[in-house]
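Subject: Structure for you to look at

Hello,

Here is the structure I said I would pass on. Please open it alongside this message; my notes follow below.

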Amino acid sequence: TFEESFKSKARATKNLDQLSRKMCPELRHFVVFSSVSCGRGNAGQTNYGMSNSIMERICEQRAAEGLPALAIQWGAVGDVGLVADMQDNDRELVIGGTLQQRITSCLQEMDGFLNQKSPIVASMVVAEKRAGGSGNLNLVDTVLHIMGLKDLKSVGIHTCLAELGMDSMMAVEIKQTLEREFEIFLTAQDIRGLNFAKLIEMSCKDSDVKKKVEGGEKDEILTGLKLLVALVGDNETLDQMYVKLPTKEKPGKQEVFLIPGMEGSYSVFKNLAAKIDAPATCLQFVNSDTNYQSVEEIARKLLP
């Protein structure tokens with residue numbers, strides 16, 4: 001409840017603020033521990049986030065009055081606490097895109113925080129994004145791992161995740177992992193109604209999309225090879241510096257000179273030539289050893 005959360009956070013900080021002003025006028029440090037969930041939000045923990053936010057507002061007010069104040073937004077902390085109890089064989093958990101921060105690291109960071117002026121700071125270990133999902137896990141295995149389930153044999157695939165033991169922290173981690181690792185965007189309500197049957201269906205659709213993409217990339221490569229062959233063109237004309245192009249030539253039109261790009265072949269202009277209503281000549285690079293530095297140099301070499 002809000003009242004229970006406020007007792008240890010908001011009310012305790014308010015009492016410490018009031019008493020320290022009277023009893024400790026020479027106080028050097030006033031430090032409270034907040035959470036990154038205060039700034040980012042966490043489904044099912046509105047009371048916890050609000051309690052932390054009140055602590056931070058108290059610190060901001062103290063700092064504005066010239067009093068010592070520091071609120072540290074910690075991410076997941078390892079070694080002790082709730083997250084440490086959730087760990088299985090010291091295996092790191094990814095919660096809300098963060099890993100557990102060791103106590104030694106927290107103490108080291110706090111030394112730096114005590115020597116700066118901002119009343120609100122944050123410390124967390126951001127989990128590295130892994131392409132293709134969490135490690136080598138697929139969509140279904142990733143959710144199983146987050147929920148601490150071994151395999152699908154032990155659960156009913158049509159039972160919603162909430163009934164299988166998904167709490168608010170797991171729901172947030174599943175939502176953020178689906179977005180970050182698999183680019184699947186669901187609302188908090190969708191997550192609560194999710195089951196493994198739907199996850200299997202989503203995983204199959206994702207595999208079909210990947211196959212289509214891979215197939216499309218293959219088609220593009222084949223097209224590129226065909227295009228390369230087309231650019232090479234007729235071997236008999238590759239050693240000719242001037243190649244007359246077949247155009248819709250009309251009387252009185254001035255001749256057009258075309259210079260190909262790196263491929264150096266007239267073949268690249270075949271489609272264009274069919275739409276030109278003037279005489280056209282392609283100037284090919286027959287001496288590949290020449291190091292041209294500008295269009296002017298190319299023109300001086302090729303034009304009569």
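In this predicted model, the buried residues of helix H1 are Ser 5, Phe 6, Lys 9, Ala 10, Thr 13, Asp 17 and Ser 20. An α-helix has 3.6 residues a turn, so residues three or four places apart point the same way. Strand S1 (31-35) and helix H3 (46-64) are among the elements that cover the buried residues of H1.

H1 itself covers residues 2-23, which is 22 residues. From first C-alpha to last it reaches 29 Å, close to the 32 Å expected at 1.5 Å a residue. H1 also has a kink of about 40 degrees, centred on Ser 8.

How does the span of H3 compare with what its 19 residues should give? At 1.5 Å a residue they should span 27 Å, and the end C-alpha atoms of H3 are 27 Å apart, so the two agree. Buried residues in H3 include Asn 47, Met 55, Ile 58, Cys 59 and Arg 62. Just after H3 comes Gly 66, with a positive phi of about 85 degrees.

Further along there is strand S6, residues 242-245. Its covered face holds Val 243 and Leu 245, while Tyr 242 and Lys 244 are on the uncovered one. In a regular strand the side chains alternate between the two faces of the sheet. S6 runs antiparallel to strand S8 (residues 280-283), and four bridges join them.

Regards

Terms used: Residues are numbered from 1 along each chain as its sequence is written. This is a predicted model: local features need pLDDT of at least 70, side-chain atom pairs count only at pLDDT 80 or more; totals for chains, interfaces and linings use all residues. Side-chain values use heavy atoms; hydrogens and water are left out. Buried means under 20% relative accessible area, exposed over 50%, partly exposed in between (1.4 Å probe, protein chains only). Helices (H or I, at least four residues) and strands (E, at least two) are DSSP runs, numbered from the N terminus. Two strands pair if DSSP finds at least two bridges between them. The expected span of a helix is 1.5 Å times one less than its number of residues. The bend at a residue is the angle between axes fitted to the seven residues ending there and the seven starting there. Contact means heavy atoms within 4.5 Å.
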